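User: Hi! I am new to reading protein structures. Could you walk me through one, feature by feature?

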Amino acid sequence: PIGDLLERASQRSDRLHALSTMLSQELDSHFPPIGRVIMPRPAMCHTSSLQTPNDKEQALQVSESDLLSLARSLLQAWADPLLLLSTSANTLPHPGQSRISNKIQELREQSKSLGDGLDILSGKMGPDARAVSLLPYRGGSDLGQDKISRLINFNFLLSCFRRDSHKIDSFLKVLSCRAAKTNPQMC
Amino acid sequence: SLPGKPALTRCRSPEKETFTCWWEPGSDGGLPTTYALYYRKENSETVHECPDYRTAGKNSCFFNKNDTSIWVNYNITVVATNSLGSTFSDPVDVDVVYIVKPNPPEKVAVTVLEDKGWPFLRVSWEPPHKADTRSGWITLIYELRVKLEKEDEWEVHLAGQQKMFNIFSLRSGGTYLIQVRCKPDHGFWSEWSSTSYTEVPDYFQRERSV
């Protein structure tokens, strides 16, 4: 049933966001002060053009299919950039480079299986849920030449993913609770 | 002299719908000094002043539901001003989704029940009333701790999303202290709830009399 699929999907999205938070904290532990000043603003994220709710009232008014469509659109928008993060992590000038590399790998795997799960779900929730907004990543195939640029661009991309994974997690948890009317104890 | 540099010390949201920021004033330079908080949201160049300096008390700014957006960066600065001029705090970037710290759980109730002649404690609670867990907007996990009145060591139990927990292997005739706290899926632990006390009957006495 859809409720179980949504419950499992929101557990995975929870893990996805938690991973991105751990990665952000690892990166922040060794980040040049100048980086905070010159790092691009969140509004520059490649997914920022997607209109999403910005508070609870707006979010609770969005239909189930639109919430799922938003989650899938965001997730699919990260397929290429996560690959870029994964290849860039191997040469990241950071003392925690191998830990970061492993976590990025797990991030890709979790993201892939969450995407597969949401594809199945959307098949059960009607055509609107299958609609996906295209959010192409146009940041190129590398994160810059010099060490500082690579670290800053890596951190920026990850900060964008962290925010989007929180959105995905929030949308799926709202969906999961709507589907859980038969099991109110969990919501 | 000019006022000392104030510092934004903390911002917290109890339920991902509103939030509050607090600041530490610097030295006042020996002159009457006023403080103001200004913020700019990431996709706007407009600078706004704090909407509410009162609700959350001294040296604070409260953002109600209408003033609060999530997944949006707030760039916040505090300004101290006296007759000689103004001093600005370092700006701080805040996204409400990363500053959630709920209030403690409420209506903590402890009941002594019996299972095959052995007593156990059933602890139940409610989420903090401000947190909307029903719609899934906020997902809380809970932790409780229990100890005997005369002892120092707490025994901690993770209850997950449940709002009820049973505690077995109790000390006959002991008085137990119980507290509960909660944490959003991505955020900070609340403070512990106020302490609930309960006394376990002296069941060994009854055993000997059988």
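Predicted model: local features only at pLDDT ≥ 70, side-chain atom pairs only at ≥ 80, totals over all residues.

User: Let's begin with secondary structure. How many helices and strands does chain A have?

Analyst: Start by counting each kind of element. Chain A has eight helices and zero strands, so its pattern along the sequence reads α-α-α-α-α-α-α-α.

User: And what is the secondary structure of chain B?

Analyst: Chain B comes to one helix and 15 strands. Its overall form is worth a look too: the radius of gyration is 24 Å, well over the 17 Å that the globule rule gives for 210 residues, so chain B is more spread out than a compact globule. Along the principal axes, the C-alpha trace of chain B spans about 85 × 40 × 20 Å.

User: What does the radius of gyration say about chain A?

Analyst: Here the value agrees with the rule: a compact globule of 187 residues would have a radius near 16 Å, and chain A has 17 Å. The box around the C-alpha atoms of chain A is roughly 55 × 30 × 25 Å, taken along the principal axes.

User: Next, burial. What share of the residues counts as buried in chain A, and what share in chain B?

Analyst: A residue counts as buried when its relative accessible area is under 20%. In chain A, that holds for 50% of the 187 residues. In chain B, buried residues make up 49% of the 210.

User: How should I read contacts between residues that lie apart in sequence?

Analyst: Take the contacts between residues at least 6 apart, and ask what share joins residues at least 24 apart. For chain A the share is 84%, while for chain B the share is 59%.

User: Where do the charges sit on average in chain B?

Analyst: Compare the mean positions of the two kinds of charge. Chain B has 24 positive and 28 negative charges, with mean positions 2 Å apart. In chain A, the centres of the 22 positive and 19 negative side chains lie 3 Å apart.

Terms used:
Residues numbered from 1 in each chain as written. Chains lettered and ligands numbered in written order. Heavy atoms only, no water. Helix = DSSP H or I, 4+ residues; strand = E, 2+ residues; numbered from the N terminus. Rg over C-alpha atoms; globule rule 2.2 N^0.38 Å. Buried < 20%, exposed > 50% of the residue type's maximum accessible area, 1.4 Å probe, protein only. Contact = heavy atoms within 4.5 Å. Lys, Arg positive; Asp, Glu negative; His and termini not counted. Charge placed at Lys NZ, Arg CZ, Asp CG, Glu CD.
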